[in-house]
Amino acid sequence: MTECTPSPVRTRTAPKAIRAEQDGPVLHVRLNPWGQDDTLDTAVLDDLVALLDDLHERPDVRILTLSSLGPDFCLGADRDEYREALADDPSGAGLRRIADKAHRLCQALENTHAVTIARLHGRVIGAGLALAAFCDLRAGADDSRFRMPEVGIGLPPAWGGAMGRLVSEAGASRIRELMLTCDAFDADTAQRIGLLHRTAPLDRLDKVIDSWTRPLVRRSPEALVLTKRMLAGFARADRTADVSLLDAHLLSAALRGHAGG
């Protein structure tokens, strides 16, 4: 029986808003390959959704790591893009399409068969924290900083259906405090409340990621997929009243209110 050579992972934008490199069963996905702003604009959303859609046909990819080549992991959603979308279409339909892409991305990240690992450094803000929360495992540099600023800028925390995921990962009490106060918090706090599984100095962070990937690639692929989906099912059971499909409408309404006010 001959071994099949993995086909390249395809993305839709050129130049790519992300960089994807495969090392055996591990796919390393990196944000900000060209030194652009560390934000999640439409190009990044489209590339990530396309990549995750392609993984349905790629059982050879068993682990996906998500990191950034910029100075920060992610500074959140691109609010300039939101304002431009609203200016182009005051009805908010264009803005809702962008927000719906965020929801599709987070659902695809949660549902992919690959075990997903977030490697976080620098600032992890708003939508960046939401994106990381949908990964199965999360490691952060010990000097990384986190913040959920949405309420402070007059917006609901409505990106990708993240509120339910954050609550299920870290608990309603702590997420309520951090969302309402918009306080920044450090890596130790993020680990203590369950948003990070491990912390390490930045120059040792890759060793933490390796300490996860090495045993994972030795596990039964079927057992990993089944366990991941069981865990996701139990986590979603805590979100039986999940209204995340309304996030795009909530965000659009809030921004339209700002523009009108």
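This is a predicted model: local features need pLDDT of at least 70, side-chain atom pairs count only at pLDDT 80 or more; totals for chains, interfaces and linings use all residues.
Student: Which strands form the six-stranded open sheet, and in what order?
Tutor: The order is β1-β2-β3-β4-β6-β9, with mixed pairing. Strands (E, at least two residues) and helices (H or I, at least four) are DSSP runs numbered from the N terminus, and two strands pair if DSSP finds at least two bridges between them.

Student: Which strands stand at the edges there?
Tutor: Strands β1 and β9 (198–200) do; each has a single partner strand, so one side of each is left without a neighbour in the sheet. Neighbouring strands of this sheet are turned by 20° against each other on average, direction ignored.

Student: How do β1 and β2 pair?
Tutor: Strand β1 (residues 18–23) runs antiparallel to strand β2 (residues 26–31), over six bridges. A20 has V29 in β2 as its bridge partner. The hairpin of these strands has two residues between them, and G24 takes a positive phi near 60°.

Student: And how do β4 and β6 run?
Tutor: Strand β4 (residues 115–120) and strand β6 (residues 137–141) run parallel and are joined by four bridges. R119 is partnered by A139 in β6.

Student: What is the order of the three-stranded sheet?
Tutor: That open sheet has the order β5-β7-β8, again with mixed pairing. Its edges are β5 (123–125) and β8 (185–186), each with a single partner strand, so one side of each is left without a neighbour in the sheet. Three bridges pair β5 with strand β7 (residues 145–147) in the parallel sense, and I125 has R147 as its bridge partner in β7.

Student: Turning to helices, at what angle do α1 and α3 pack?
Tutor: Helix α1 (residues 42–54) and helix α3 (residues 93–111) pack at about 35°, with their axes 9 Å apart. Axes are lines fitted to C-alpha atoms, for helices over the stretch in contact, and angles run from 0 to 180 degrees between N-to-C directions. The crossing is left-handed, a term used when the near helix is turned anticlockwise from the far one by less than a right angle.

Student: Which residues meet there?
Tutor: On the α1 side they are T42, L45, D46, L48, V49 and L52, and on the α3 side I98, K101, A102, L105, A108 and L109. Contact means heavy atoms within 4.5 Å. By class, this contact has nine nonpolar, one polar and two charged residues; Ala, Val, Leu, Ile, Met, Phe, Trp, Tyr, Cys and Pro count as nonpolar, Asp, Glu, Lys and Arg as charged, and the others, Gly among them, as polar.

Student: How do α2 and α3 cross?
Tutor: The axes of helix α2 (residues 79–88) and α3 come within 7 Å and cross at roughly 145°. E81, Y82 and A85 in α2 meet G94, L95 and I98 in α3.

Student: Now the pockets. What volume does the largest one have?
Tutor: The largest pocket has a volume of about 370 Å³. On a 1 Å grid over the protein atoms alone, a pocket is an open set of points with protein on both sides within 12 Å along at least five of seven lines, a cavity is a set where a 1.4 Å probe fits but cannot get out, and lining residues have an atom within 4 Å of a point. Grid points are joined across faces, edges and corners, and a volume is the space filled by probe spheres set on the points.

Student: What lines that pocket?
Tutor: Its lining has 16 residues, of which D136, T227, K228, L231 and A232 lie nearest the centre. Helix α9 gives the largest share, seven residues.

Student: How many cavities are found?
Tutor: There are four cavities of 30 Å³ or more in the whole structure. The largest cavity holds about 180 Å³ of space, and A77, Y82, A127, E150 and L155 lie nearest its centre among 16 lining residues.

Technical notes
Residues are numbered from 1 along each chain as its sequence is written. Side-chain values use heavy atoms; hydrogens and water are left out.
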